[in-house]
Amino acid sequence: TGLETLNLQDCQVLTALPVSLGALTGLKILELQRCDALHTPPPSIVRAGIRAVLQFLRDLAKGESPSHLIKVVLLGDQRAGKSSLADSLVLGRPATRADNDRTVGIEVRRWRLGSQSPLVANIYDAAGQRVYLATHGFFMSAGALFLHVVRCDMSEDAAVAALLEWVDAVQQEAPGAVMGLVWTHIDSFADGVYDAAGGQPGFLCVTMEHTGEEAKWIAMHYLQPLP
């Protein structure tokens with residue numbers, strides 16, 4: 001416990017610090033620059049400094065417990081129905097926003113999936129206005145579920161272009177991320193279109209009358225399989 005300086009910089013084979021380092025109460029300098037393979041503690045902890053690193057290792061030494069908190073990010077153009085979808089999932093019933101209601105930046109809502117599931121989802125509702133797109137990368141992280149919300153009355157070319165744009169943005173920030181597609185406003189079409197589309201494998205349609213079922217669908221098809 002009397003060690004005050006530990007220099008590990010440029011150690012390219014170092015992947016994890018031993019939790020025993022957390023017991024070094026006298027350690028004042030810990031050099032970890034250019035340890036490119038290091039993943040424990042994660043880079044965000046290393047950047048926070050030696051006190052954060054030592055506290056991380058002390059916490060790690062106490063053991064581990066399962067986390068039932070997951071992250072869901074809603075992406076899509078403005079007026080696609082992202083906020084209404086988030087409200088409906090959280091409330092457990094159909095809910096719509098006023099036509100002039102616009103999300104500014106990003107809103108975070110907590111969704112408890114029900115008494116039969118321990119999962120709790122933090123829903124990140126990202127504003128669709130293009131002026132905010134540059135900030136969305138800050139909220140894209142590995143392990144999150146990304147749902148691209150699309151209006152059914154968009155033209156095919158516009159829908160495909162928007163989808164590819166969001167896929168590219170997400171994969172740049174969180175490579176290999178799980179992504180899903182949610183179609184909204186399908187009740188603006190003729191009778192029977194909902195039943196035909198909703199019967200396709202992996203095809204989720206959201207209408208004002210069916211939102212409660214969509215919550216169960218998302219939980220079953222997307223959230224439960226996540227590690």
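A search of the whole structure finds zero disulfides, a disulfide being counted here as a pair of cysteine sulfur atoms within 2.5 Å. In general terms, a disulfide is a covalent bond between the sulfur atoms of two cysteines. Cys11 takes part in no disulfide, and the nearest cysteine sulfur to that of Cys11 belongs to Cys35, at 5.7 Å. Cys35 is likewise in no disulfide, its nearest cysteine sulfur being that of Cys11, 5.7 Å away. With a relative accessible area of 8%, Cys35 is buried, whereas Cys11, at 27% relative accessibility, counts as partly exposed; buried denotes under 20% relative accessible area, exposed over 50%, and partly exposed the range in between, with a 1.4 Å probe and protein chains only.

The structure is a predicted model, in which local features need pLDDT of at least 70 and side-chain atom pairs count only at pLDDT 80 or more, while totals for chains, interfaces and linings use all residues. Residues are numbered from 1 along each chain as its sequence is written, and side-chain values use heavy atoms, with hydrogens and water left out.

The protein has six helices and eight strands, these elements being DSSP runs numbered from the N terminus (helices, H or I, of at least four residues; strands, E, of at least two). Their order from the N terminus on is β-β-α-α-β-α-β-β-β-α-β-α-β-α. Of the 227 residues of the protein, 37% count as buried. The protein exposes about 13000 Å², of which carbon and sulfur atoms supply 55%, with accessible areas taken from the Shrake-Rupley method with a 1.4 Å probe and, for residues, only the protein chains shown counting as cover. Among the contacts in the protein with a separation of 6 or more, 56% are accounted for by residues 24 or more positions apart, where contact means heavy atoms within 4.5 Å. Gly2 and Leu27 are 25 residues apart in sequence, and their C-alpha atoms are 7.3 Å apart in space.

Strand β5 (residues 120-126) is largely enclosed by the rest of the structure, because seven of its seven residues are buried. Val120, Asn122, Tyr124 and Ala126 point one way from β5, while Ala121, Ile123 and Asp125 point the other way, and all are buried. Strand β3 (residues 69-75) runs parallel to β5 and is joined to it by six bridges, two strands being taken to pair if DSSP finds at least two bridges between them. Within this pairing, Val73 has Tyr124 of β5 as its bridge partner. Strand β4 (residues 106-112), by contrast, runs antiparallel to β5 and is joined to it by seven bridges, and the bridge partner of Arg112 in β5 is Val120.

Helix α2 (residues 50-61) has twelve residues and reaches 17 Å from its first C-alpha to its last, close to the 16 Å expected at 1.5 Å a residue, the expected span of a helix being 1.5 Å times one less than its number of residues. In α2, Val53, Leu54 and Leu57 are buried. Seen down the axis of α2, the buried residues fall within an arc of 95 degrees, so they line one face of the helix; the arc is that of the directions from the helix axis to the C-beta atoms. The cover over these buried residues includes β2 (29-31) and α1 (43-48). Just after α2, Gly63 takes a positive phi of about 110 degrees.

Helix α3 (residues 82-91) is mostly covered, with eight of its ten residues buried, namely Lys82, Ser83, Ser84, Leu85, Ala86, Asp87, Ser88 and Leu89. Gly92, which follows α3, has a positive phi near 80 degrees.

For helix α4 (residues 156-173), the 18 residues should span 26 Å at 1.5 Å a residue, and the end C-alpha atoms are 26 Å apart, which agrees. The buried residues Ala159, Ala162, Trp166 and Val170 of α4 fall within an arc of 70 degrees when seen down its axis, so they line one face of the helix. What covers them includes β3, β6 (145-151) and β7 (178-184). On the face of α4 turned away from the buried side are the exposed residues Glu156, Asp157, Leu164 and Gln172.
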